Amino acid sequence: MAERLRVGIAGAGFAARFHLKGYQRVYGVPIEVVGVTSKTAASREAFAREVGCQAFSTFDELCDHCDVVDVCAPGFLHEHLAVAALTRGRHVIVEKPFTGYYGPEGQANERFRGNTFPKEEMLRQALASCSRMLEAARKSGKQIGYAENWVYAPAIQKERDILIKTGGQILWLIGDGSHSGSHSPYYGIWRFSGGGAIVGKGCHPLTAALYLKRVEGQSRDGQPIRPATVSARTHEITRLKGFRDAGFLRTAYEDIEDYGQAHVTFSDGTVADIFASELVLGGVHNWLEVFANNHRTRCNLNPINSLETYNPREELFRDIYVIEKIGAKQGWSQPAPDEDWQHGYPQEFQDFAESFWQDREPLAGGELARDSVAVLYSAYVSAERRGAEVALALDRQP
Ligand SMILES: NC(=O)c1ccc[n+]([C@@H]2O[C@H](COP(=O)([O-])OP(=O)(O)OC[C@H]3O[C@@H](n4cnc5c(N)ncnc54)[C@H](O)[C@@H]3O)[C@@H](O)[C@H]2O)c1
């Protein structure tokens, strides 16, 4: 067995930074971030200096020096980087969205507009991309960790425990992943992000819902319960002619939706309703409620009320982190005592480290990732048809 797990990170932005903090909290597995690569020398060198690791100018060099490649680059690069790493015999971690459709010639095609492009073709290509990634993992015998942190959030894991120990049947889930708009310059342009609110934010409550229904089926019958159909709507609210911009929401979106909702049915006939938007002020709005035949749970990821603070003057809290995307800090707020923990990040990296070390599949692996992509892109097909139900083709080879 190797002496330690050497991690190389592709990307040096927002996600790379919270992944780094996740690795720093792993216990019981010797794991170390040894290198980083990114688009610009300045960003990777600054990141490497902060961490005390090496900055590599190419992805190949990064791969040469690590056992695990952590893909923290924009979505349009996920398949390419993950397949390259797996082919070289590295375990990979892939951020959300796992993969998707980014235009006929990738990001080079500047005339591509995702919101008007035929969605059946997008779905077909996105599923083909998933198959190539899963096939590369199968061939290499290495693991894929799908970095869907909601699966690892303590609230979702507690519900998992309740579900298994009470033998509950989930009848209906409803959840939301929303805030006032992503900070990344890549977000808002379909050829980089692979979609808007549905893909970028809806993926979180959706994947947590898919995960819990899998757990229910596996614990009762030894078989996961998987999604069967989806009906969805999407809207571009901040680009409406009549939208009145008060200056609090991000609005610079090129060709993505800023509101989406998806109604999912599962193979056992039960349902989930997922909402996602870029229209929510007051901090991130991340929750999933579970209505079961024998219990009801509201999983609050953020905000949570373990702290309730009154701040009489905005500037008093200048150096206080409250919660992600809070905006104003004056008045009552619910500062997160440990936001990373409540979002599931340390738990996620603990599971990835153990699964790579022990060579077992992580809780959030390739099949869950592929089901999420299938629902998300089928939701776009449905939205193109103004909400008509679309049957999922989960096991159909593209
Ligand atoms: N799980 C979550 O809650 C969460 C939150 C934010 C972002 N994300 C995901 O993380 C990924 C990155 O998003 P971000 O917010 O960090 O974006 P970002 O814009 O902050 O950073 C992107 C990084 O990728 C680098 N990059 C671009 N091209 C590259 C290439 N060819 N090779 C290597 N690196 C390259 C850029 O230089 C930059 O450092 C996205 O898939 C996003 O959806 C997940």
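Domain bounds here come from an automatic or database domain assignment. With that in mind, welcome to the tour! You are looking at a predicted model, where local features need pLDDT of at least 70 and side-chain atom pairs count only at pLDDT 80 or more, while totals for chains, interfaces and linings use all residues. Residues are numbered from 1 along each chain as its sequence is written.

**Stop 1: the two domains.** Colour domain 1 (5-147) and domain 2 (150-344 + 361-391) separately. Their centres, taken over C-alpha atoms, are 22 Å apart.

**Stop 2: where they touch.** Here, 35 residues of domain 1 are in contact with 32 residues of domain 2 (C-beta atoms, placed from the backbone, within 7 Å). Now select α5 (119-140), which, like α1 (14-24) and β7 (144-147), supplies at least two residues of the side of domain 1 that touches domain 2. The largest share of that side, ten residues, belongs to α5. (Helices, H or I of at least four residues, and strands, E of at least two, are DSSP runs numbered from the N terminus.)

**Stop 3: the ligand.** Which residues come nearest to the ligand? Select G11, G13, A15, S38 and K39, out of the 25 residues around it (a residue is near if its C-beta atom, placed from the backbone, lies within 6 Å). The largest share of this shell, three residues, comes from α1. Both domain 1 and domain 2 give residues to the shell, so the ligand lies between them.

**Stop 4: the nonpolar core.** In soluble globular proteins, nonpolar side chains tend to be buried together. The largest nonpolar core in this model has 113 residues, and V71, Y377 and A379 have the most contacts inside it. (A core is a set of buried Ala, Val, Leu, Ile, Met, Phe, Trp, Tyr and Cys residues joined through C-beta atoms within 7 Å; buried means that 20 or more other C-beta atoms lie within 10 Å of a residue's own, with C-beta atoms placed from the backbone.) Helix α8 (residues 197-221) gives the largest share of this core, eleven residues. Zoom in on V71: leaving aside neighbours within four places in sequence, its contacts include A10, L81, V92 and V94.

**Stop 5: helix α10.** Select residues 345-358. Among the buried ones are Y345, F349, F352 and W357. Finish at D359, which follows α10 and has a positive phi, near 55°.

Key: Two residues are in contact if their C-beta atoms, placed from the backbone, lie within 7 Å. A residue is buried if 20 or more other C-beta atoms lie within 10 Å of its own, exposed if 12 or fewer, and partly exposed in between; C-beta atoms are placed from the backbone. The expected span of a helix is 1.5 Å times one less than its number of residues.
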